[in-house]
Every structure is written in C-alpha cells, then in structure tokens.
Amino acid sequence: MNRVYSSAFNDEVEVTETQAPSEISNVVWRAVLKKDRHHDGKFVYAAVTTGIYCRPSCPARNPQRRNALVFLTAAEAERQGYVACLRCHPNSWTPAEKSISDALDYIEAHLDQTITLSTLSQASGLSPHHLQETFTRIVGLSPKAFCDARRIARFKQHLRAGQSIIRACYEVGYGSSRALYEKTKTGLGMTPAVYRRGAKGIHICFSIAASDLGRVLVAGTAHGVCAVLLGQDVLLIRELRQEFPGAVLRQDSSGKWKAALQSCQDQDPLLSKLPVSLQGRVFLARVWNSLQ
C-alpha cells in the first residue's frame, strides 16, 4: 500500500495498488511541474518507467503523470523498490546544500577573522558568484549580511562577559573601532559603551509574537533594534531584563514589527535539516537584518 498526499499537503490519503498513478492530486503534481523547492522534504515522486524517485525540485525531465507515484518519504519509496536520483539526492543533501551548510559552519567558527567571498568559496567548494547566489537563496541573507548579524550577536556576548569594547571589537573580526561603530550604530540600538553599562536609563520597547521556531521577542530603542530573542514568554522577558538591567522596559502591543517577522517565516527546506541551534541563529539573523 502506497501513501500519497491528497489535495491538501497536510492531509494524507492511502492509495492501494489497484488505484492508478494518475490519481496523484493536482496540487502535488503542480509542485512537481514547477520544480518547487519549498516542497522538498514534504514528499518524493517516483517514475514507474525508470524506477527512480526524486525531490519535487529535481531538475531532471518529469515523467508523464500517469507514470508517476508520490510517496511521503524517501524511505517509503525505497521500500517499494525505487532508487534515489543521483541529480537531486532526495534521501540526503545535494552538493549545493552541503556547500551552504559548510559555509554556515565556517562563518560560525571564524567570526574573529576577515571573511570574504573568496574564503567562503574555498570552504564551500562553490565559486564566489555561485556561493553568493545560492547562499542568499537558501539562507535568505547574503553571506555578508549573515556575518554582520552574527558578529553583532557575538560582540554583545563578549561585552556581557566583561570584555572591554576594544578587545570585543577585535574578537569578532572588526578591524578597527571605526568599523565597529559603523556596524553597531543601528545594530545595538545604542552605543557600545551604553550597552556595556546595561543600557542605564535607556527606554526600550519590546513585542512578543509567534514563529515557527517558537516565541520571538523583538526589542528596540529610538535608535534601532537592540535585541531579537527566541524562547518562552516569561523567559524571554527575563532574558531581556538580564541583558539590559538598567533600561526602562515597556511592552508594545502595536505589532509594528509583525510584518518583518512574517517575512522571515518562509524558509528553505535545507534550514530545517540544520541543528536546531543553528536554525535559530539563522532565523534571528534574518529578523535582525530585516529590521535594519
């Protein structure tokens, strides 16, 4: 007994071997015809004529609809005797996905160094142009924008740990204090010196909303966003108070950041395969970047 999706992706129907492959739902078949990457991981389709199964986004020529079957997972397709396509790698990462994962890991491990497209190209195995294009499409940020967001987050960690501004500056790869102040002007919502003093006397408004990864808190001052956090409501507010012990906090129910949060919800299927902690850092970087 094979299982395929009905007209709604979240509704599963069972298809017996006596039913025709042509009964694949229209919505599933449209995803295959469009080679829609956002449906990768939701199902795989197999060509009866070749015995090969693929992702919805596979660049290979599509089989005729009457010769196609759809399975919820790669494991189900393989239990029925189908083998994985060597072009789209439906049971693992594609080479491009592996390259982007390697680039993300490299950035996380080398924030204290100068990171260029050239260095990322060597780490990922993609040409600089292909890396820029693929990274931006999959991560939702350019490599530079992701580096900027992660450097701000790491810089804040160093300051909270008691490091001096200058030392924290070089620890996260800023080559000079000028570069530091240019990058943190809006990214901290205050000067580094004020941040290091716990934002004493600074007025911060914050809002909490739901996201696919959990509750997200966005906080800002009159000068820009100062925090983007993931967690549970009570813990998020506690974390915000711990980060800014001298600030005056006020919850904002206007939802002024809602549009930015919604724009960051849609994500590439690769991101769901990453470690949860890295998924969270990518999401927070996207939110932070969208609010700059």
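Four strands make up an open sheet in this predicted model, in the order β9-β8-β7-β10 and with mixed pairing. Strands here are DSSP runs of E with at least two residues, helices are runs of H or I with at least four, and both are numbered from the N terminus; two strands pair if DSSP finds at least two bridges between them. β9 (224-231) and β10 (248-251) sit at the edges with a single partner strand each, so one side of each has no neighbour in the sheet. From one strand to the next, the twist averages 25°. Inside the sheet, β7 (residues 203-211) and β10 run parallel and are joined by four bridges, with Phe206 standing opposite Gln251 in β10. Helix α10 (residues 233-243) packs on this sheet and touches β7, β8 (214-221), β9 and β10, where contact means heavy atoms within 4.5 Å. The direction of α10 makes about 140° with that of β9; axes are lines fitted to C-alpha atoms, for helices over the stretch in contact, and angles run from 0 to 180 degrees between N-to-C directions.

A word on the ground rules: residues are numbered from 1 along each chain as its sequence is written, and side-chain values use heavy atoms, with hydrogens and water left out. As the model is predicted, local features need pLDDT of at least 70 and side-chain atom pairs count only at pLDDT 80 or more, while totals for chains, interfaces and linings use all residues.

Next comes strand β3. In a regular strand the side chains alternate between the two faces of the sheet. From β3 (residues 44-47), Val44 and Ala46 point one way and Tyr45 and Ala47 the other, and all are buried, that is, under 20% relative accessible area, against over 50% for exposed and in between for partly exposed (1.4 Å probe, protein chains only). β3 pairs with β5 (residues 68-71) over four bridges in the antiparallel sense, and Val44 faces Phe71 of β5. Three bridges also tie β3 to β4 (residues 52-54), again antiparallel, with Tyr45 opposite Cys54. The hairpin of β3 and β4 has four residues between the strands, and Gly51 takes a positive phi near 75° there.

The largest pocket has a volume of about 440 Å³. On a 1 Å grid over the protein atoms alone, a pocket is an open set of points with protein on both sides within 12 Å along at least five of seven lines, a cavity is a set where a 1.4 Å probe fits but cannot get out, and lining residues have an atom within 4 Å of a point. Of the 20 residues lining the largest pocket, Arg150, Ala153, Val228, Leu229 and Leu284 are the closest to its centre. α6 (143-160) gives the most to this lining, with seven residues.

The second largest pocket comes in at about 270 Å³. Ile115, Lys144, Cys147, Asp148 and Arg151 are the closest to its centre among 17 lining residues. Again α6 gives the most, here with five residues.

As for cavities, the whole structure holds two of 30 Å³ or more. The lining of the second largest cavity includes Cys264, Leu271, Phe283 and Arg286.

Conventions: Grid points are joined across faces, edges and corners, and a volume is the space filled by probe spheres set on the points.
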